[in-house]
Amino acid sequence: FLAELFHGPSGSFKDLALQVTPQLVVNFLKTKNERSLILVATSGDTGSAVLEGFGRFGGDNIAVLVMFPTLGISPIQRQMMTSFKKGNVKVVAVKGDFDDCQSLVKKMFQQANLASFLKDSFNVSLNTANSINWGRLIPQIVYHF
């Protein structure tokens with residue numbers, strides 16, 4: 001059998017996992033009565049798939065910040081992300097390459113005062129939809145078998 005993974009809303013193989021992950025996150029947040037800020041670094045495909053998934057299934061308890069690099073991204077990937085319009089998502093360009101975007105995400109997670117401020121002031125926890133999130137990895141693992 002052949003899994004054609006390009007039929008999702010963004011045309012990326014990442015759509016499969018990123019249609020499941022937002023639903024898992026939403027259900028988890030409901031059980032804890034919490035909200036989440038999803039931080040994402042992308043070189044293209046992840047960003048569009050995250051926006052489509054969390055834009056569709058994210059709801060009021062999830063906000064998404066997608067960072068893409070000014071270098072090394074195709075015009076169509078940039079257009080897909082910057083033209084996406086949902087109230088719970090924001091897309092920003094970062095001067096540099098993917099590593100610069102990833103570095104910003106890592107720094108935000110390492111700042112305990114940021115996490116504490118968000119939690120104490122807004123009941124918001126930081127999360128990610130990059131490949132380090134188990135909720136994204138598990139669906140991706142499943143379709144390889």
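This is a short talk on the fold, the confidence and a few local features of one protein chain.

Before the details, note that this is a predicted model, in which local features need pLDDT of at least 70, side-chain atom pairs count only at pLDDT 80 or more, and totals for chains, interfaces and linings use all residues. Residues are numbered from 1 along each chain as its sequence is written, and side-chain values use heavy atoms, with hydrogens and water left out.

Confidence comes next. The average pLDDT of the protein chain (the predictor's confidence in each residue, from 0 to 100) is 84, and 78% of the residues score at least 70. Helix α5, residues 112-122, has the highest confidence, at 95, and helix α6, residues 134-142, has the lowest, at a mean of 62. Where pLDDT is low, the predicted coordinates should not be read in detail.

Now the fold. The protein chain has 6 helices and 4 strands; these are DSSP runs, numbered from the N terminus, with helices being H or I of at least four residues and strands E of at least two. Along the sequence the order is α-β-α-β-α-β-α-α-β-α. Of the 145 residues, 41% count as buried, where buried means under 20% relative accessible area, exposed over 50%, and partly exposed in between, with a 1.4 Å probe and protein chains only. Take the contacts (heavy atoms within 4.5 Å) between residues at least 6 apart in sequence: 80% of them join residues at least 24 apart.

How do α2 and α3 pack, by angle and by distance between axes? Helix α2, residues 45-57, and helix α3, residues 75-82, pack at about 25°, and their axes are 9 Å apart. Axes here are lines fitted to C-alpha atoms, for helices over the stretch in contact, and angles run from 0 to 180 degrees between N-to-C directions. The two helices are therefore roughly parallel, a label for angles under 35 degrees, while over 145 is roughly antiparallel, 65 to 115 roughly perpendicular and the rest oblique. From α2, the contact uses Asp45, Gly47, Ser48 and Leu51; from α3, Gln77, Met80 and Met81.

Last, two backbone angles. Asn33 has a phi near 55°, a positive value in a residue other than glycine. Asn33 sits in the loop between α1 (15-32) and β1 (35-41), and is exposed, at a relative accessible area of 63%. Asn123 also has a positive phi, near 55°. That residue lies in the loop between α5 and β4 (124-128), and Asn123 is partly exposed at 30% relative accessibility.
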